[in-house]
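Hi,

Here is the structure I said I would pass on to you.

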Amino acid sequence: MNSYPPELLVQLAPVMFVAGLDVAPTGKPQDAFAVLYQRLREALLAQWKPTIWQPERSKTFQVVIVDKDVRFPPRKLVPPDDPQYPSSHSPLSPLTPSSPLHPDGLIAPIWIRKHTNLVPSVLVLFLRMYETPLHNPRSPLDVPDTDRDREREQEERKRDSELAAEVALRKKSTNERGIKLTVVLIASRKMLDDLTLDSRLTFIRRQSGLDSRAALFVLSPVSPSELVEFVSSLQQALYEPAIDYYTAHSKRVRRKRNRHSQAPAPYSIPTSSTNIARPLRPEGWTVRYEYKMGCFAEFRGENEVALKHYQDAYEMLVIMFGSTVILPPRTKRWAEAKVLSDCINIKIGKLYLYNNEHSLALSHHSTHMRKFGDFSRGWGIGEDTFEFWSWMARQHRVFAELLEQGTNTTLVIPEHRPTALMNNATSIAASTYRGGAGSTLEIETLRSLGLNPSHTLQHPGFYYYMAAQCTEMRREKYLVAVDAELNQQIVTSPSFTNEKKVQHNAIILELYTKSYELFKKYSSTSENSTQSRLTLWIAYRIAQTYYDSGEFGMAVRFFERIAKTYRREKWDIMLCPLLSTWYTCAKELGDVELGVKLLIEMLAQDTCESDELDPSDLEKDLVALLKRPLSPSSERTLVVDLSESQPLFDACTVFWNAEVQIGEQATFQISLTAPKTVTISSIPFSSLVIHLSGAENPITVRHIDATNSSSKSSASIRMVDLGDVTHYKENPIEVETELRWKPGNVLVFCGRLKSDAPATINVTKLELAITQDVWKVQIPCEPCTSRRGSRPVPRWLCFLDQPHFVPIDREEFSSITFKHRSPDIGVTFRHNSPAYLNEEYPIDISVINDDDRRLNVVVDVLLLPSEEDDAISTIMMNEQRSSSLIKGIPFGVLHPAASATKTLYLTSSGSPANRVLDISVRSWMVTGDGENPEVDHNAALDYDNAFETLETLVVPTVDAFKTSHNVVYRRCSHEWVGLADLRTFDADFWDDRGGEAVIDFRIESAGPWTVKVESIVLERENGPSCKVIDSSLDCDEDAFPSEFVPGDEYGDVCRIGIAISEGEAEQGLVPGPGKYVIQWRRIMPDDEKGTLSTSIYYLPPLHPPSDGLIALLKLPPVATLHVPIPMVLLIRNLHKHRSANITVHLETDGQDAFIVAGLRNGRIPILLPGSEEKIVWQLVPVECGYVKVPRIRVVDRRRTLPQTSGGEAQGEGELVRVVDVRWRIIPGQRYSICFFILSTEAE
Amino acid sequence: MAPNLRLNAVAFVSPQNHPILIRTFVKQDEFAIKYHYIAHTSLDVIEERVSSSGKSAECYLGLLYALEDVAVYGYITPLKVKIVLAFAMADTVIKDVEVNMIFKAMHMAYYSAIANPFLKLDVPVDAAQDHSPYLQVGSAKWKHFRRRIDEISRVTTRVVGHSSLP
């Protein structure tokens, strides 16, 4: 921006002149007024700093401190009383011959300066009010001294008149120019309270002719904060007059413009060779007026108006530039106009940016550059001139500087994220686009479609970067011009001499550095502290510039940093030019070591295939460097670490086997493949050092010059036998071969290896060494590495007919594991399957050492959890009991052919299923001789080296017995104990009204094995609701022990008394009141008895019949003809709380086989809960055979009672079931009650 | 009428930020390296966009930056392969829909190229997590990928150019 006159760029603000604040330059402590003046000056001057970026439109003035009797520049050259005054012009007008613009200038910066520094819109005059000094303290008792008062008044009046006269004089001069005059009277604080102040002020104003509004202020010394308030209120008050002032100017200019545009085109002077001055053309006048109006609008803070005028001025300027007649190129006026157009362009851009119209600003700027770029071609300063690029660079730079200034305060660079595509684009666009006036519908829709990349504003770093690029072009073109000059061609450009003084590289560096800093600033939002790639790219440009300007040291420092990232991310193509420039720097710096390092790295970068480079160039350079006698800083070995960049060789280490047994030989191959695109055949590699893991001693392959084996070295694949390297740990091994590679050649080193201890061995490091004279260069190399960055493909070189590679298809190919031979161990199990539940089932585990070494054996047993939840099983071995894992059962040291057996007991409960056992036998060699008592201790230590033999054992488990049962319920048939019978209160009284159940329980020996049952006991668990009355077991005590072969059954019948449960729900199940405990042993096939096992079987839960009312019919099963028999009907009310109203009907029939004596129809007394009623009939059978007894109907009428109470009709009640107690009643089945009558007489 | 969308270069960058393929469609070969720089530097902006937009990120990242005479657009596949397009700068609106379409086509081209089972032929068995076979897809050995990209470029320039005609 410094290349443009600041007047044309700076933001304009109303100008206020302040006079009368002169401070006496005394070093003494000042009085209150001097302090006040000083503070006022500071406060006023702080209001506005002339800057380019100042978008706020608060009412602030640009304050200029002036002398009290400041004079304004004359409006016209002639005094107003001159008769020529109306026809004369301003001293700056092109029409005034003495003007710098005469005759055809447009606008000079001096015009702006006039309005910012010489002519104000407001003049503020600070004046001190006269105050009569107090000569003695007045006492209230004093008589008012009328003389003195009058004297004082007169003095004041005199002084005030003088002041008013001074103001009036000033007022006259300001009125001429339409400038507002404001007087601030300074008075002491005491004066403010004086009663005469008002009248004095009125007097002064009238006398001086000041305006009534905002023209007279009084100020006394106040605190700084109050002063700030005063200053702002002063500005508030004066802002409107200032605006009026500039509006008046605008109006005047507009009048002139209108007059001008209506006037006919005045004259057209043909272009003549004589360089006579031509007056300004109408286009020029339009530019002039529009520009002025723009400025005045800017003064007023009306940015939109200013923008419009500036745009008009710019358009007109473009038209002017379009014609070489109007503006002949390369003239003074042309150059001025060019500067003006650049500045207007910046102003327009700035005004757009104030309004957040980023893309409009950028598009105007780029249009400007394009238009004037096109013009430049016409002017003969096209792209191939340094002037063009200089100008371009300047445009980019100015724009960048404007943005930078803006972003320092209010400007926010917009983010260009794509809005959510396709759907609902407009609404999102509206929300994301935060522009003020930009949020018009048109822009919204455009935004939703996409954006114009050339109109997307980015941060200033980009424009600095562009400026730097243009400056680079400028330098390039300049150098072309310099060449041309050297070739005795005439350089026509007039600015060539100037250009020679320009430090191009310094400018480029400055621009790149600025760009770099801005890129850094704007990328700092991302949290990663590492340098971003954009800055790296600029850093690379900076380094290049340093290189171009010969500062190689600086360049090298940059290259070092940049190369790191490029290497890491494998952008080799970008790395190549960097490396070669770097190498040139190193050459220039004479840094041989760096040169060697870089050359080796470049050799490794075989992607640097550029056409002009001979593949052997790098190699030649390297060999030449190594021959330099220059001692590389003492005797130190130069290590070239290529771990970050590409390796020089494709290296691959392959072992034929993944693991071998101790004592066996392992073979390996290390292949080194040379790059294909560069030659390295003359690099004097002196040795290759192979480091194997676990030892300091390396295997060294030394180079010897091939003497007779020239044919061999030319083979593309060579094999070098390292021999048996088993003893690499003890003594270093050296081999000799030719270490030279032709492009793409492969050198394979193969070796054999043994180990007598378990170990994992790999190749840790390869080191190539170059030794030449004093040079010692070491190139470490990974044992497995590929130039492409991918993992190397493992291949094994075979020589059958011709060398070829066999792929090794294995995950871990670059290391070998030596292992002990796995011991030969036999594991057998002996058990009699299936196992019974509840039995301690013995499983013999035998381990036989079939090996020829002594082995220590330990067994772990894991019982896998069963699928059924309730199956709880335990295993026991060596007094260890567990439900899952028994660990570390020692079997001791087994000599060859010895065996050991231990018994594992498996106890299964729950349901029969398969039990699965995992048995792991671990064994390892015992080294010491003889019986070693410490073996067990070692065992724990040596677990890692143990060999494991895993066996899985499935044990089917079945139940030893099968049980079945049958339950029959019997009602209590004898009479009940009366309700109030005292016996029922006895502690041991058993209420047998619930009847009893008869359980027939059968136990069957189910398994395939014979068991010996030691005992079967019914363990009674009598409860309140039922009890075991008796069991057939009780009288069969001597039945046990007895042997049960499979299929044998044993039955027990037991009677269970059931009580009527009082409190519980009647429908509930009654748990069985006992269990059968069977103690048994299994009889093994060899007649051996197993351990005593116990199985338990519970009595089944009972379901006693439950009914409320029941009628039990008791009859003898057999009767004799004509012999009477009793028929008893017991009606019981088993209901808890309801009484029953029972009627009994005996329905006789003519065909009945009986003669009945007894109740026919009758109602029995109300039956209370828990009571019974007995009705007896006498029956005399009169027929033989199966006969039916008369039908008996028992009806509970309780429910129907309300309906039947009124009528005598038999209301149907609830039928009560009549049960023949002789027979078992199975629910759901119909029975008829029959008799079998025997005819004894007939017999 | 000249097409307004001119594809200058396309770059495919692996999730580890290694270049897979950088293909330029401009004549001057000496500028080819410029597009390497562009692809590399645009990774910055891609990373920034991806990290700031969180999980709900779309593949299409929009205009990354405009520099010199190219406008650089970015795209990131769900598996973090980055695709960068460099268009010649022209004073017209570039529609996001169109650019996204080209990106999708490029993505598909890459996708079908890495589906080539022969890519993994020379790769060690355990390299399931290894991306190096995908880097190979850009090498000159696998012509189909390049051919397909070239075709997309050609079609793009033609079709988009026509579609923008009034």
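**What I found**

Chain A has 25 helices and 50 strands. Keep in mind as you browse that this is a predicted model. Of the 1243 residues in chain A, 35% count as buried. Among the contacts in this chain with a separation of 6 or more, 74% are between residues 24 or more positions apart.

Four of the five residues in E1(A) are buried, so the strand is mostly covered, going by the cut-off of 20 or more other C-beta atoms within 10 Å. E1(A) pairs with two strands that I'd point you to. One is strand E2 of chain A (residues 62-66), which is parallel to E1(A) and linked to it by five bridges; there, A:Val18 has A:Ile65 as its bridge partner. The other is strand E3 of chain A (residues 122-128), again in the parallel sense, with four bridges. In that pairing, A:Leu125 of E3(A) sits opposite A:Ala19.

Now over to chain B. Five of its strands make an open sheet with antiparallel pairing, in the order E2-E1-E5-E4-E3. Strands E2 (19-24) and E3 (60-67) of chain B are at the edges with a single partner strand each, so each has one side without a neighbour in the sheet. From one strand to the next, the twist averages 15°. Inside this sheet, strand E4 (residues 70-76) and strand E5 (residues 82-88) of chain B run antiparallel and are joined by seven bridges, with B:Ala71 opposite B:Phe87 of E5(B). Helix H2 of chain B (residues 96-114) packs on the sheet, where it touches strands E1 (7-13), E3, E4 and E5 of chain B. The direction of H2 makes about 130° with that of E5(B).

Last, the nonpolar cores. The largest has 255 residues, and those with the most contacts inside it are A:Leu317, A:Ala543, A:Ile562, A:Leu578 and B:Leu85. Helix H12 of chain A (residues 386-408) gives the most to this core, namely 11 residues. Domain 1 (6-72 + 119-132 + 147-249) and domain 2 (650-705 + 715-819) of chain A both contribute residues, so the core lies between them. If you zoom in on A:Leu578 and leave aside its neighbours within four places in sequence, you'll find it in contact with A:Tyr540, A:Phe559, A:Ile562, A:Ala563 and A:Tyr566. Another core, of 51 residues, lies apart from the largest one and includes A:Ile875, A:Ala946, A:Phe1001 and A:Val1028.

Cheers

Terms used
Residues are numbered from 1 along each chain as its sequence is written. Chains are lettered from A and ligands numbered from 1 in the order in which they are written. This is a predicted model: local features need pLDDT of at least 70, side-chain atom pairs count only at pLDDT 80 or more; totals for chains, interfaces and linings use all residues. A residue is buried if 20 or more other C-beta atoms lie within 10 Å of its own, exposed if 12 or fewer, and partly exposed in between; C-beta atoms are placed from the backbone. Two strands pair if DSSP finds at least two bridges between them. Two residues are in contact if their C-beta atoms, placed from the backbone, lie within 7 Å. Axes are lines fitted to C-alpha atoms, for helices over the stretch in contact, and angles run from 0 to 180 degrees between N-to-C directions. A nonpolar core is a set of buried Ala, Val, Leu, Ile, Met, Phe, Trp, Tyr and Cys residues joined through C-beta atoms within 7 Å. Domain bounds come from an automatic or database domain assignment.
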